[in-house]
Amino acid sequence: MSGVREHTGSRLREFWPPALLLGGLVVLWEISPSFGVLTAIVPPPSLVLKTLIDKHQVYIDNLSITLVEIALGFAVGFVIGLLTGLAIVYGRVAGQVLQPLIVTSQAIPVISLAPLLVILMGFGMEPRIVIVALAVFFPITLNTVAGLRSADQETIDLLKSYGASRRMIFRWIEIPSALPFVLAGVQLGLTYSVIGAVVAEWVGSGRGLGKLMLLRQSSFGVEVTYAAVALTAVVALVLLGGVHLVRRRLMPWEIAGRVEA
Amino acid sequence: MTGTSAAATRESAASVRVEAVSKVFPGDVRALDDINLEADAGQFVAVVGPSGCGKSTLFNIVAGLIRPDTGRVLLGGRDITGTTGHCGYMLQRDLLLPWRTVIDNVVIGLDVLGVPRSESYARARELLQRFGLQRFERSYPAVLSGGMRQRCAVIRTILYDAPLFLLDEPFTALDAQTRLLMQEWLLEVWSTLGKTVFYITHDVDEAIFLSDRVFAMSARPGHLLTMVEVELERPRSHEVRFDPHFVGLKAQLVALIRGEAERALAAELT
């Protein structure tokens, strides 16, 4: 018990120094106009907050568009990535054909395809969803492959010696072995998908948080760019926090190891 | 045998014969050469040899995970070559699944057999209680010490309740003191189960202490050097190590295996 309390105590101690630094920087930023910093270039946080509140409908509209792109793109990329990973590990031909192609093509920065996709698919949401899906696809595929292959051979042999079926080995050993890898892939994939959605919006027309960031498109002041960047950061943080919670739910043994070992 | 052990429900002990087993791996690696071993039902038999003598290959053949090129494995007179499901199998690593709690780990063999959890849990609880692990029933293996983890692996092996136990250096990774205690504990457990045991080790001392019969193997390609019967009273305590018969056997086996190890080393160096 005391061990647990100490643990929470140290967490709190770890929390304060970075929080104080961050708070200090925000305060400094807020009073920066009095040092002669131009509010037309660096609007203070209060101004950014004010536009967020005053024009909340604009932000909600654009935010929801970007969120839809991320959600659809991520779902497509995740499912296809997972299936491709399974095919590479369990399908002999698929492994030989796909793996070298995927490992190589992973080197291509997905975002550079955006202009091409706009030409191919028009100015709607579709090319953006494809960009997000592609960005998610690679880390999910590669981590699924690595995760499934990380299953311990001696443990598999143990179950085989008991007469276990292929299905039992898959369910009881290979899936749980792959889980931390796949979740790490999800984490990476979500980060990429936020980047992918926002940057893809810079190309072509339409709306979204990325679009809102581009000053020349907006009839408002520079604080709109700041507000859109802040919202994007919040989206990324919330998504990653969500993965963290899912991870704790799906892998309770990990916490057990960390706290008591 | 007290016969009331939690697990004695599937099959009782059976004799084991390994007949003329040979195995060559791809690349002309000759792992085993004409191996013959025999254990009577309920006997504790050890196989000692220098590392790389193909002991583990031999065990995988007995477990049915690898097919020998020639020869066969008989269990209670029945040919089981290349088939699984006859052996409780235990290695140096405990092989507990980190994502299963202690109780879910020890019943995994019964899960494979399709035994309902209500029944397997009841049997597991009895053994966990007996081996002082009941407090950890719902814990994950990560919180257990090395000795506790290996005890879980033993419970998993007992619960699977195969007629033959295959133990491949199960205590090698433990520290010396824990290891000696685990050996005595294993003998105590074994005496209540009456299973046939094949025990692999490179430690001559451990082999003699535990076994009724010790087979010594040569360096690769593994073949049999000798077989000795250990005529020491049971139950044995650690003092049996000072018995003249024990010391004599040890001197004989150590000399043989040392000679083999030197020969293997010389072969590697030339």
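**Exercise 1. Decide whether B:Asp34 is buried, partly exposed or exposed, and describe its backbone.**

Solution. Let's start with the surroundings in this predicted model.
- Step 1: B:Asp34 has 14 other C-beta atoms within 10 Å.
- Step 2: A residue is buried at 20 or more such atoms and exposed at 12 or fewer, so B:Asp34 is partly exposed.
- Step 3: Now find its place, which is strand β2 of chain B.
- Step 4: Look at the backbone: phi of B:Asp34 is positive, about 50°, although this residue is not a glycine. Most residues other than glycine have a negative phi.

**Exercise 2. Work out the strand order of the open sheet in chain B, and name its edge strands.**

Solution. Go across the sheet strand by strand.
- Step 1: The four strands follow the order β2-β1-β4-β5 in chain B, and their pairing is antiparallel.
- Step 2: In chain B, β2 (29-39) and β5 (78-79) each pair on one side only, which makes them the edge strands.
- Step 3: Zoom in on one pair: β1 (residues 16-25) of chain B joins β2(B) through seven bridges, in the antiparallel sense.
- Step 4: For B:Phe25, the bridge partner in β2(B) is B:Val29.

**Exercise 3. Describe how helices α4 and α5 of chain B cross.**

Solution. Take the angle, then the residues.
- Step 1: The axes of α4 (residues 117-130) and α5 (residues 146-160) of chain B come within 10 Å and cross at roughly 140°.
- Step 2: That angle makes α4(B) oblique to α5(B).
- Step 3: The crossing of α4(B) past α5(B) is right-handed.
- Step 4: On α4(B), the contact uses B:Arg123, B:Ala124, B:Leu127 and B:Leu128, while α5(B) brings B:Ile155, B:Ile158 and B:Leu159.
- Step 5: Sorted by type, these contact residues are six nonpolar, no polar and one charged.

**Exercise 4. Find the cis peptide bond that ends at B:Pro235, and say where this proline sits.**

Solution. Two steps will do.
- Step 1: The bond runs from B:Arg234 to B:Pro235 and is cis, with omega near -5°. Most peptide bonds are trans.
- Step 2: B:Pro235 sits in the loop between β10 (224-229) and α8 (244-269) of chain B.

Conventions:
Residues numbered from 1 in each chain as written. Chains lettered and ligands numbered in written order. Predicted model: local features only at pLDDT ≥ 70, side-chain atom pairs only at ≥ 80, totals over all residues. Pairing = 2+ DSSP bridges. Helix = DSSP H or I, 4+ residues; strand = E, 2+ residues; numbered from the N terminus. Axes fitted to C-alpha atoms, helices over the stretch in contact; angles between N-to-C directions. Parallel < 35°, antiparallel > 145°, perpendicular 65-115°, else oblique. Left-handed = near helix turned anticlockwise from the far one by under 90°. Contact = placed C-beta atoms within 7 Å. Nonpolar A, V, L, I, M, F, W, Y, C, P; charged D, E, K, R; others polar.
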